[in-house]
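Hello,

Here is the structure for your files.

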Amino acid sequence: MRMKTREIQIGSVTIGGEHPIAIQSMTNTKTEDVEATVRQIRELTVAGCDIIRVAVPTMEAARAISEIKKQISIPLVADIHFDYRLAIEAVKNGADKIRINPGNIGDRSRIQAVVDTCKEHAVPIRVGVNSGSLEKHLLEKYGGVTPEALVEVNSGSLEKELVEKYHGVTAEGIVESALDKVKIIEDMGYENLVISIKSSDVLNGIKAHECIREKTDYPLHVGITESGTVFTGGLKSAVGIGNILYQGIGDTIRVSLTGDPVEEVRAANVILKSLGLKKGGISVVSCPTCGRTQIDLIGLATKVEKMVADFDLDLKVAVMGCVVNGPGE
C-alpha cells in the first residue's frame with residue numbers, strides 16, 4: 001500500500017495523497033541563458049517531465065526565472081545553496097518551489113527570511129539532504145568541498161555528530177539529519193514542505209526511505225544521487241527507486257544521470273510503467289536474440305523504440321526475431 005502523505009501544491013501539479021507520482025528532472029544549461037534553458041525544458045516536457053528544477057547560483061539566474069516561467073508549461077523549482085538571498089529572489093521571481101538545505105543557508109535569521117518569503121508567496125520548500133549540500137561551517141573549515149570535508153558528512157550532508165553517533169553514514173543518521181532540518185522550518189511556523197533523503201549508495205538509500213516512512217507524512221522526493229552515467233546510473237536508479245516505489249514510498253522521482261536530462265525522464269517513465277504506476281505511451285518488448293535470429297533484430301528494435309517514443313498511446317509493440325519467441329509473444 002502506498003504511503004499516505006499530505007498534499008502539496010507545486011504550481012499546477014499536486015503531489016502527495018493519491019495523486020500520481022510526478023517525474024522531475026533538472027536542466028544542465030546555464031539558467032542565466034533563458035533561451036537555452038527554455039529550449040531544454042520544452043524538450044523535457046515533451047519527454048514526460050512533470051516538474052523541472054534549475055540551478056540558481058547567481059542573482060542573474062534567480063531573476064531569469066521570471067522570463068523562463070512565461071515560456072514553459074510545467075512547474076519550476078529553484079535549487080539554492082549557500083546564499084539565502086538567492087532563495088528570496090527566486091521566490092519573488094515566480095519559482096513554484098525551492099530546494100534548500102537549511103544547514104548551508106546560514107544562521108537562523110537567514111533561514112527565517114527565506115521561510116517568511118515562501119510563506120508570503122505560498123511556495124513549498126523541499127528540504128534536501130545529500131552530499132552536494134555541504135554545511136557552510138564545513139566549507140569554511142576545509143576551504144571547499146574536499147574529501148576531508150565529505151568524510152564528515154558523506155551522503156546526506158550528515159553532521160559530524162550524527163556520523164559519530166551512528167558509527168558512520170547510516171540510513172538512520174540520514175533520516176535524523178533530514179528531520180532535524182525539517183523541524184527548524186516547522187518551528188518557524190511553516191509546514192509546506194517536501195523531504196528528500198538521497199544517497200549514492202543504493203542500499204543505504206532504500207533503508208533510509210524505509211526508516212522515514214513511519215516518522216513523517218510529508219511528501220517524499222525519491223532518487224539515487226550521483227548515480228553515474230546513463231548506463232550505470234540508469235541501472236542503479238532502477239534498482240533503488242524501483243525498490244522504494246514498490247514499497248509504496250515516494251511522491252516524486254528523479255533519475256539523476258550524467259548525461260542528457262531527457263534520458264532521465266525516459267528512464268523514470270520506464271521505472272513507473274514497469275511497476276504499473278503510470279499508463280500511456282507505447283511499450284516496446286523484444287527478444288534478446290540468439291543463434292536462431294535471421295534478421296537485424298538489434299537494429300530493428302532500436303529503430304522501433306525511437307519511432308514510437310513520442311506517441312501517447314497505451315499499446316505494447318513486440319519486436320521478435322524467430323519462430324520460438326515470435327508468434328506466441
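How many of the residues of strand β7 (residues 125-129) are buried? Five of its five residues are, where buried means under 20% relative accessible area, exposed over 50% and partly exposed in between, with a 1.4 Å probe and protein chains only. This is a predicted model, in which local features need pLDDT of at least 70, side-chain atom pairs count only at pLDDT 80 or more, and totals for chains, interfaces and linings use all residues. Residues are numbered from 1 along each chain as its sequence is written, and side-chain values use heavy atoms, leaving out hydrogens and water.

Strand β7
Ile125, Val127 and Val129 point one way from β7, and Arg126 and Gly128 point the other way. Strands are DSSP runs of E, at least two residues, and helices are runs of H or I, at least four, numbered from the N terminus. β7 runs parallel to β6, joined by three bridges; strands pair if DSSP finds at least two bridges between them. Valine 127 is the bridge partner of isoleucine 100. β7 also pairs with β8 (residues 193-197) in the parallel sense, over five bridges, and valine 129 stands opposite isoleucine 197 there.

Helix α3
The buried residues of α3 (residues 84-92) are Leu86, Ala87, Ile88, Glu89, Ala90 and Val91. They pack against α2 (59-70), β5 (76-79), β6 (97-100) and α5 (108-121), with contact meaning heavy atoms within 4.5 Å. Just after α3, glycine 94 has a positive phi of about 105 degrees.

Regards
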